[in-house]
Amino acid sequence: MSEVVLGYIEKDNKYLMLHRNKREVDLNKGKYVGVGGHIEKGETRDEALIREVREETSLKVLEYKYRGMIHFQNEEAEELMYLYHISKFEGEVSECDEGTLSWVDKKDIFKLNLWEGDIIFLKPFMETDDIINLKMIYHKDKLIRWEKL
């Protein structure tokens, strides 16, 4: 089972969103997601978050909060995704080789091309400070079931 981190960076009532539009072969192609990636061997979740944000955006994370875990499953793989809210950072956003980064107003997030499961966890993520623990089962690209853990 792979483990990944996903951070939503907030500034001025907006989130920095990554439109995955640059790689030909990409599970997330065409989707908007937060910033993150795989946890490397010997790395903690927090270290992975800080590294991935730096690699994808050039931003230095200064303050963040763990918000929960999403367990994804499909017929091919399982993945644990650790979810974070990033409230303070320094630096300027750079170009990302995985897609186009842009600041999106919170009220417009759900107008984007998001994964079905992301819509489910982003609502409580944006509206509360609660820890979010969910299991999501996909068949191909379609969410077929989800539950709270």
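Reply: Here is a walk through some of the charged pairs, one at a time.

Before we start, keep in mind that this is a predicted model, where local features need pLDDT of at least 70 and side-chain atom pairs count only at pLDDT 80 or more, while totals for chains, interfaces and linings use all residues. Residues are numbered from 1 along each chain as its sequence is written, and side-chain values use heavy atoms, with hydrogens and water left out.

Side chains of opposite charge can pair when their charged atoms come close. The rule here asks for a side-chain nitrogen of Lys or Arg within 4 Å of a carboxyl oxygen of Asp or Glu, and it gives 15 salt bridges.

Take Asp-97 and Arg-23 to begin with: their closest N and O atoms sit 3.7 Å apart. (Helices and strands are DSSP runs numbered from the N terminus: H or I for at least four residues, E for at least two.) Asp-97 is exposed, at 55% relative accessible area, whereas Arg-23 comes out as partly exposed at 35%. Those words have cut-offs: buried is under 20% relative accessible area, exposed is over 50%, and partly exposed lies in between, using a 1.4 Å probe and protein chains only.

Now turn to Glu-40 and Arg-51, another salt bridge, with 3.6 Å between the closest N and O atoms. Glu-40 is in the loop between β4 and α1, while Arg-51 belongs to helix α1, so this pair links distant parts of the chain that are eleven residues apart. Glu-40 is partly exposed, with a relative accessible area of 45%, but Arg-51 counts as buried at 15%. The story goes on from there: Glu-40 and Arg-51 are in a network of salt bridges that also links Glu-43, Glu-52 and Glu-55.

One more pair to find on the model is Glu-116 with Lys-142, a salt bridge whose closest N and O atoms are 3.4 Å apart. Glu-116 lies in helix α2 and Lys-142 in strand β9, so the bridge ties together parts that are 26 residues apart in sequence. Glu-116 is partly exposed, at 31% relative accessible area, and Lys-142 is partly exposed too, at 49%.
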